[in-house]
Amino acid sequence: MDHLPDLNASKEVSSSSHLSKVLGPMHIWALGVGIVLVGQFMGWNFTIAKGGSLGSIIACWVIGILYISLIMFNTEMGSVMPEAGGQYSMAKYLLGPLAAFNIGMMLVFEYVMLAAADSLVVGEILKTISPDIQALPYIILSILFLTWLNYRGVHATLNLNIVLTGVAFITIIILLFSTKFYSPSESMIKLSEMTNGLPYGWIGILGAFQFGCWFYLGIEGTALAAEECRSTGRSLPVGAVVGLLTLIIGATITWFVSSGLVPADLLGVSTYPLFDAAVATGKPIVIQLLFVGTILACLASANGCIADSSRAWYSMSRDTLIPEAFSAIHPKYKTPYRAIVFLMPISIAFGFTGLLDQVITFSILSALLVYLLTAYMMFKFRRMYPIGSIDRGYIAPWHPFPALIVIVLSAATLFGMYFGYWTNLLAGFAFYLLASLWFVLHRSRSLDMSRFIAHGASYWPRPKGY
Amino acid sequence: MSFWSVMNYVAWGLSAVLAYLIFSDFIRVELGRTRKED
């Protein structure tokens, strides 16, 4: 079999810097769902403000289709790339250095900003207990605690995420059953009275797509931990698919309970929709549980975001796209400790701004651009490595339809986003354009091409025609 | 001073302890690396 050159460089890289292989499907589930579950506790309800109650559930399901499609081919490509970086690593082998640099940056900013937003919400929620509570020390404490956990090892970090995510999800189920929805005579769910249908027509649904992403944004991050899986071919597909099913069920329950308990005009502008739904039940235990659930969901999300952003930063550094200093592995904990410590103050800085919607919009924009490029990569991947040419842990069915669906729905979401946040959209594009210019004019001179592809050269055959 | 005002200081204190734990280990590892390179 014809292999790419410079295998010695590959061996050198892999022996001097590797992450611990300790993760199973449950950890992948916790990483994916942990990052995303916070979207059920806040943010998704802006779909109601944009498109009404009916527009909200349509956006929830349509964007769900986008993510099912994305997870299909993302998992196929991720399962043959057993190294950290997820979509970044895919771009490295399929699109080249400039695209890999951009996708790496987009992933880092998607997750760093989400971590900042999560910690910001923890601080803000705690303020509801007493006016004497200040948000800032709790914002900083959250980020420092989760950074410390990530610094000390990915296994303990994601074990914590299993607990946090599990408890947060159970609180949603408890809220559902507390409404006695199963009994027509006792049910507290009043969908016909509380919902407002489709007040802005079909254009409202398009506007709602952006916030519909909140239900699932970040699930694709499961591929970032590929290098740390005991069995990538098994852990990645099982963890990601079960995770997405968990989220789709959770999203439907969340919409059903919240829309049936809180009037649409209030729900559309709520900061904590599930907590408000719990308050509407009037049951103190349920209210307290949802308060705790919201905080745990935020912590689990920030925890996963710190893990993912540091892996993307580490991978870029290891491949010499950014200074190599960040590719060092901790001698004892086997974590990318320099990347973790470097990204921490950036998270804190974004948390300080307090501009939650701006921070989140930039995060969503970064994610959508990654989805578009990932869909394009799937076409190229199947062309470079047809079925049967390399071992795949998972084969995505119905290709090319999932990739086409992702391209169409991501473009539609960006189009809808333009109406409400055009300045953010242009600022985001300008940022990535400037970063690309820096890379082409300056950093690309330091790029070591043999090292850039060395890691995959040992197990990937050279594709025909390349 | 209310209980929650005291908790603000506790949160600051815990943040300082965590920052110390992270950075003391970070400096120790970096110094170890420098010695190895020398």
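In helix 17 of chain A, the buried residues are Pro402(A), Ala403(A), Val406(A), Ile407(A), Leu409(A), Ser410(A), Thr413(A), Gly416(A), Met417(A) and Gly428(A). A residue is buried if 20 or more other C-beta atoms, placed from the backbone, lie within 10 Å of its own. Helices here are DSSP runs of H or I, at least four residues long, numbered from the N terminus.

This is a predicted model, in which local features need pLDDT of at least 70 and side-chain atom pairs count only at pLDDT 80 or more, while totals for chains, interfaces and linings use all residues. Residues are numbered from 1 along each chain as its sequence is written, and chains are lettered from A and ligands numbered from 1 in the order in which they are written.

Two residues are in contact if their C-beta atoms, placed from the backbone, lie within 7 Å.

Turn now to the contact between the chains. Chain A brings 18 residues to this contact and chain B brings 14 residues. On the side of chain A that touches chain B, helix 7 (135–152) and helix 15 (337–353) of chain A each supply at least two residues. Helix 7 of chain A gives the most, with nine residues.

Helix 7 of chain A also meets helix 8 (residues 154–178) of chain A; their axes come within 5 Å and cross at roughly 130°. Axes are lines fitted to C-alpha atoms, for helices over the stretch in contact, and angles run from 0 to 180 degrees between N-to-C directions. In this contact, Leu149(A), Asn150(A) and Arg152(A) of helix 7 of chain A face Ala156(A), Thr157(A) and Leu160(A) of helix 8 of chain A.

Ser142(A) also lies in helix 7 of chain A. Is Ser142(A) buried or exposed? Ser142(A) is buried, because 28 other C-beta atoms lie within 10 Å. Leaving aside neighbours within four places in sequence, Ser142(A) is in contact with Ser119(A), Val122(A), Leu299(A) and Ala302(A).

Notes: A residue is buried if 20 or more other C-beta atoms lie within 10 Å of its own, exposed if 12 or fewer, and partly exposed in between; C-beta atoms are placed from the backbone.
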